[in-house]
Every structure is written in structure tokens, then in C-alpha cells.
Amino acid sequence: MEPVKLVYPVEGGDLIEAGEASSKMKLTLKKLGLPPDVIRRASICMYEGEINMVIHADGGRAEVDVGMEEITIRMIDQGPGIPDVNKAMEEGYSTAGDMARDLGFGAGMGLPNMKRYSDEMEIETAVGSGTTVTIKIKI
Amino acid sequence: MEHSVSIEYARCRGCTTCMKSCPTQAIRVRRGKAAILQERCVDCGECIRSCPHKAIKAVSDSLCRLKDFKYTVALPDPALYGQFQHLDGTARVLEGLLRLGFDAVFETAKASELLSDQARKHPRDTASSARPVISSACPAVLRLIRMRFPQLLDHITATITPVELAAILARQKAVQDTGFPPEDIGVFAIVPCSAQVTAAHTPDDLQQPVLDGAFSIRELYVKLLTPMQQIETPLPLSTAGRGGVRWAFCGGEASARAPGERFLAVDGMDSVIRILGAIEDDRVPDVDFVELCACTQGCVGGCLTVEDPFVSTMRLRHLMREMPDSRSDFDAEVSDPSIIQADKELEFAPVFLLDKDRTVAMEKMAAIHELERKLPGLLCGSCGAPSCHAFAEDVVLGRAECSDCIFQVRARMREMTGDGDEYLPTPFRKRRKEEPAEHT
């Protein structure tokens, strides 16, 4: 059976509205009757990804494939890229600016949380041209 | 489940305003009139507030019901006290109710205060199994959580609502005072909103209703004015202090709990839905207690009140200055503490689920997305659904026909006539290059 494909644009520069894509996705997953734990993990990952795209990449888009066995979320942006992926994966490391920190973001837990709540995570990034973070959650 | 929110068809013009304001997308327009998808309605009253033709009402019980009982008790919600200008104390309102024909009064605020006292003294007994604890006081929020946030059901306190406790205690007292059997005693709540009317008849947390009915604040307000004015010195009937009366506005319940607890108090359906989503994903750390009110400012904002909710809150705060902190002691006043426990588990109501079988649900979702792509995305409401997505869902679930979309029909006309975008209503035709931009 073909996976259900969902696409959500993520607006840049709007930290207050961040989280819209994840809450929309969550409602869709609830309508499909997925297990609550799967929905929660997918939603947390998506939210972290959204925040990352807003803070670092002036937005982007999220593509979600909901299959029978797993959910795949691709967070795609055309931002500055991540120069040192290993460093970015360290808990507490963040390059977020003051504005984001003032709002309580930039704790350096975004990517680590996505890793923790997903079953697989892959980062493709090129400095200057953008980043795609792909995560998979088994159902 | 019966709902108190109902549509007066003679007044309804099918204008789609309520349909777009409904936080659970429970309204459609059918045959020129609004229609409620009963299983999705939480009785929050948003549609009642938004209807420009005053065609939606909350049906409460008729006062004639008082005649069915040998002895009647009124349970006024504390929001009632905020409705009156220049009120010198709650006693005048309570005596006014006696003069209206009730044989006794039992303040809902008294029951609220007892619940607060119990929560402060025995936080473990009233807590839910999961953190943060979510209040069970607003019946519209309870229904919303049952439908849309089932993962949070075990966060909700297992205690009954203040008005339910008031009903149980009032009936016990009336039986003692009169010697009548319990069924001869009519216990009626005076409530600020449609959700409380529904909950009086079909509670979410009790097997059997403990109330005999509910009257609206709005109806009693007018009837109370004259008798209240005629009272010279009111009898000392007030039994609740600040701790109970403040439950009438948002934050009141939370602030009457144990000091040191970190609480969130959220009002308005949109904000409630947003915060529940955040709690579900653990995005609200460090919070112990969550009070959620469907109405702006809490119960004072209920659709069956008279006064502006902000004005009511101001008046209540003023009245509270003359009151003691609390007049209630749960351990001394409630002989059987187990009566505050709900006897029915809150169940998930899967009204948004597309299908029980996930394969079928996914097929339906794919079909919904495919259809939605062909729709104009105008949210015009002409199809009778609140959004193009809701319409696509209705079509796939068999609640609507594809041809109910005016744009779909007109697009088919174009196939026949072949004329540019002339098939669209004028406001939606694309501007031609030579035409200047219009300003209206």
C-alpha cells in the first residue's frame, strides 16, 4: 500500500507560529488511528525540526510519508548548512542567536531530541546550500 | 448523547458563520440550515456567540420542572454573583432564590471550596496518575480531551465537578432536613453555560446524573432582580469564602490549590486546544496543575450569562474582599470522602478517526488529499463544510457529494463552454494583464 504523503511549509522568521506544521501533522496521524506513542514521538521530532528550520534556515518544508510500517519525516531547507554535524549533535551545543535564546530556544537539544525520539536519523547537509534531516519512526 | 446546543430553524439562514467558528468542526450547512454533527459537539457555545441571527440556543430546563418535586434546592454557580451591579454580598442572591420558590439553596461555590480544601490537604487523593494534573471542572474541555487528546485522559483529576458534589451534598442535607425520600427532592443547578446543562443530564464522569436539571443564569437573572431588591437585610445564607467563589473565573481553581504549586490557567477554546497539544508533546515542563476553561475568562464568560465576563470578574473580586479566605473544612463537613471520586472512567471518543482499520483509514486519507488538491482552498463555506479539507473528508466519508462544491460544478461548465475563467464568480476571476489593479 502506498504511503500517505503530507507536505507542510514552514515559514521562516516566525518563532511564535512555529509548531503549526507539527500540530497539523498530529491531527492527521490521529485521524489515521496510529498508536499514541508513535504520534507523540513524530510530533516532538517534527516540532524540533520546525524550530531548527525557523531559527537557522529561514524556514523550509516538511515532507511526511505515513506508511503501514513506519513514518518518514524529511525536514528540508535551503539554509546555511551545518559545518560540523558531530558538534551539532552534541547536547547543549547551539549556534542560535540572541533573539531565539531570549524566547527560550537554542538550548542545543533540537537534533539530539530528534535522534532520541526517532528510530533512525540521517542528516545531509552542505555549507551554503542547505540541510535535509530525515527521520524514521517505526509504527 | 443529548446536547443542549440546538438550532432554531426558523431563524437560521445557513450563513456559515457558526460553522467556521466551531472549534471541533462539528457544524455543516444542509438544506440551507446549520446542522450539528452531534458526536463532535462539546457544547462549548462558540456557535451561540457567533451566530449573527441568534438562531442557536442552549436549551436548559424549564422552571416548570420545579413542580415535579416536593422540595427543591437551587445550586447557583458563583458566576451568578458577578451578574449584579451594586451587590452587597452573596446572601442577597441566595435569599432571592428562596423568594423565587426554591425551598433551599446550596452554593456550588461551597462545593468548590470543599474540593479546594481537599486538594490542598490531601494532594495525593485528588491527583491524577500522570503529571501535570489537569482539572476536570470544565465539561466542554473534558469532552474535547476525550475526542482529540486521549493520551491526556489519565492526567485528569478523578474527582467529580463542584456542581456534582454540591448536588450530592444538597440532596443529603435535604433528606435530613425534611425526611422525604431522595427522589422527592429536586436538585437544580443554575449554570453559566451550555456544557453544564448537558453535563447535568449526561455527565462524563458519573454513571448516573446527580442533578435533576439545570436552569440558565440568564433566565433566572431577570426573575431575581425584583425579589432581590425587596430584601431589606438578607439572611446570613452565604456558606462559601473566597476559595470557592473564585472558581467562577479562570485561574480561580488553580490559585485555591496548594501554595507553591506551579499552575497554568488557560481560557478560550483555541488557546485550550493549543496548550493541550503542547502538554501532549511534553513542551510545557515544570507545571503541576492545569486549569482549562472553554470560555473567555472562565465560567463568567459562559454563553448563558448576562454580564460581560471582564465586568463580572471585577465585581466578583470586589465581593471577595469582604469574604473570609475559606469557610470550608472537607474532613469535618464531608462524612464520606469517597463521594468526590468519579465512578465512570473517561473514555476515548474516536470521532475524528477515519476508520478503525488503519489500511482503510490510510486509503481514505489518500483520497481526501487527492480531492483537496482539486478544491479552490477559499474556505468559502458554500459547500456547507468549514474548509476544503473538511469538505474533502465529508465527501470521502459519504457525508457530502463532490458536486456540492460550486467551483467543481462551474469548472465542469467551463469544459462545456470553453470560456477562460468566466465560469467563476466575478470576484474570483484572475486579473487580465491590461486591467489596472482595483482598490476597494
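Domain bounds here come from an automatic or database domain assignment. This is a predicted model, in which local features need pLDDT of at least 70 and side-chain atom pairs count only at pLDDT 80 or more, while totals for chains, interfaces and linings use all residues. Residues are numbered from 1 along each chain as its sequence is written, and chains are lettered from A and ligands numbered from 1 in the order in which they are written.

**Stop one: the domains of chain B**

Color chain B by domain. Domain 1 covers 5-58, domain 2 covers 63-340 and domain 3 covers 358-428. Now select domains 1 and 2 of chain B. Their C-alpha centres are 26 Å apart. Their contact takes 11 residues from domain 1 of chain B and 17 residues from domain 2 of chain B. Two residues are in contact if their C-beta atoms, placed from the backbone, lie within 7 Å.

Which helix gives the most to the domain 1 side? Select helix H2 (residues 46-50) of chain B: it gives 3 residues. Helices (H or I, at least four residues) and strands (E, at least two) are DSSP runs, numbered from the N terminus. The domain 1 side that touches domain 2 in chain B has 6 nonpolar, 2 polar and 3 charged residues. Ala, Val, Leu, Ile, Met, Phe, Trp, Tyr, Cys and Pro count as nonpolar; Asp, Glu, Lys and Arg count as charged; the others, Gly among them, are polar.

**Stop two: where the chains meet**

Show both chains. Chain B puts 15 residues into the contact, and chain A puts in 16. On the chain B side, helix H12 (269-280) and helix H15 (358-374) are the elements that give two or more residues. H15(B) gives the most, with 6 residues. The chain B side divides into 8 nonpolar, 3 polar and 4 charged residues.

**Stop three: chain A**

Chain A has 5 helices and 5 strands. From the N terminus they run β-α-α-β-β-α-α-α-β-β. Along its principal axes, the C-alpha trace of chain A spans about 40 × 30 × 25 Å.

**Last stop: a helix pair**

Select helix H2 (residues 36-57) and helix H5 (residues 110-117) of chain A. They pack at an angle of about 160°, with axes 9 Å apart. Axes are lines fitted to C-alpha atoms, for helices over the stretch in contact, and angles run from 0 to 180 degrees between N-to-C directions. Show the contact residues: among them are Arg41(A) and Glu48(A) of H2(A), and Met114(A) and Tyr117(A) of H5(A).
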